[in-house]
Amino acid sequence: MLLEIQDLVKHFPVRRGLGLSRRPALVKAVDGINFSIPEGGTFGLVGESGCGKTTVAKLVLLLERPTSGTIFFEGKDLTSLSSREVKTYRLGAQAVFQDPYSSLDPRMKVGGILSEPIRAHHALPRREIKSRVAELLDIVKLPMGSDQYYPHEFSGGQRQRIAVARALALNPKLLALDEPVSALDVSIRSQILNLLADIQEKFGLTYMIIAHDLALVEHVSTEVGVMYLGNIVEKGATSRVFENPLHPYTQALLAAVPRPDPDYPKPKAILSGEVPSPLNPPPGCKFEPRCPHGMDQCKLKQPLLMEVEKGHEVACYLHRSS
């Protein structure tokens, strides 16, 4: 496995109340998750806003330090790296962010944006850096000479190509893609996804993709994890999870996907209520207050992920007898 996550936890301390009555509390953004990504695979992480998906990406990229748990990259524990080792690790893991309008420095030309990571990690002659920049532009199918322009002179799709080129500058093995096409026009999204697929095939990259768009995740991922309030509630091969969702939350997510077929039977609304606060989650299953199948045991203890069929795990008491 290229990347292995074991019992990963990230809690953010906050203070609640006003004045002298303020008391410490914890936002449980990620509350003990496990998954792995084989080399060359694509793992999709889906769930509602605020469930902890982006925090997971930040932990993998070491932009945040975990409260507990371990992250293994090529068998090496990332949580124990020194500052120098972290810099070396960044050669192997890079990110493509959601908004190409804010993730690129508007004061730098594209040539400077693409060459900056190279100069930060390698002492190369200017000619070699310029050659590498030209190679990166060719990989993402931008015209020669694009390095002489500023980001605002490009369209949204072109800016995201620049962001992809920047992520590839150091020849990484892992790309964390945080909603990589959600800020783009629908007509452009397929072009960027096809580009990412071509790049993955050509360079053997491993992807961790975070998205709200379930159709996108189904299309590009080999394995998927469904997050709810800091926990992965269902995980498995993408085809298995989408064809036979087992957790009530996964079923609700898929039922909410719009269908272009007017004759498709409209699914029943099976969720009610609001997402509980990560400051004060329910003591048992965090989904229990909204679950149409809640049982007494759901209120007492959080169910753990268990394999109910080959390549398909779910954290739900409904399937304990399967």
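Which residue in β8 is the bridge partner of Leu-45? It is Ile-210. Let me build the picture out from that pair.

A word on the source. This is a predicted model, where local features need pLDDT of at least 70, side-chain atom pairs count only at pLDDT 80 or more, and totals for chains, interfaces and linings use all residues. Residues are numbered from 1 along each chain as its sequence is written, and side-chain values use heavy atoms, with hydrogens and water left out.

Now the sheet. Strand β3 (residues 42–46) pairs with strand β8 (residues 206–210). The sense is parallel, over 4 bridges. Two strands count as paired if DSSP finds at least two bridges between them. Strands (E, at least two residues) and helices (H or I, at least four) are DSSP runs, numbered from the N terminus.

Zoom out. The open sheet has 8 strands, in the order β6-β7-β8-β3-β9-β10-β12-β11, with mixed pairing. The edges are β6 (93–96) and β11 (306–309). Each has a single partner strand, so one side of each is left without a neighbour in the sheet. On average, neighbouring strands are turned by 20° against each other, direction ignored. Axes here are lines fitted to C-alpha atoms, for helices over the stretch in contact, and angles run from 0 to 180 degrees between N-to-C directions.

Next, two helices. Helix α5 (residues 156–168) lies across β6 and β7 (174–178), at about 175° to β6. Helix α6 (residues 186–203) lies across β3, β7 and β8, at about 155° to β8. Contact means heavy atoms within 4.5 Å.

Now the holes. How many cavities of 30 Å³ or more does a search of the whole structure find? It finds 2. A cavity is a set of points, on a 1 Å grid over the protein atoms alone, where a 1.4 Å probe fits but cannot get out; lining residues have an atom within 4 Å of a point. Grid points are joined across faces, edges and corners, and volume is the space filled by probe spheres set on them.

The largest cavity has a volume of about 90 Å³. It is lined by 15 residues, with Cys-285, Cys-291, Cys-298, Cys-316 and Tyr-317 nearest its centre.

The second largest cavity holds about 40 Å³. Its lining includes Val-46, Leu-214 and Phe-242. β9 (223–228), α8 (238–243) and α9 (248–255) each supply at least two lining residues. The largest share, 3 residues, comes from α9.

Methods
1 Å grid on protein atoms, 1.4 Å probe; cavity = no way out; pocket = protein on both sides within 12 Å on 5 of 7 lines; lining within 4 Å.
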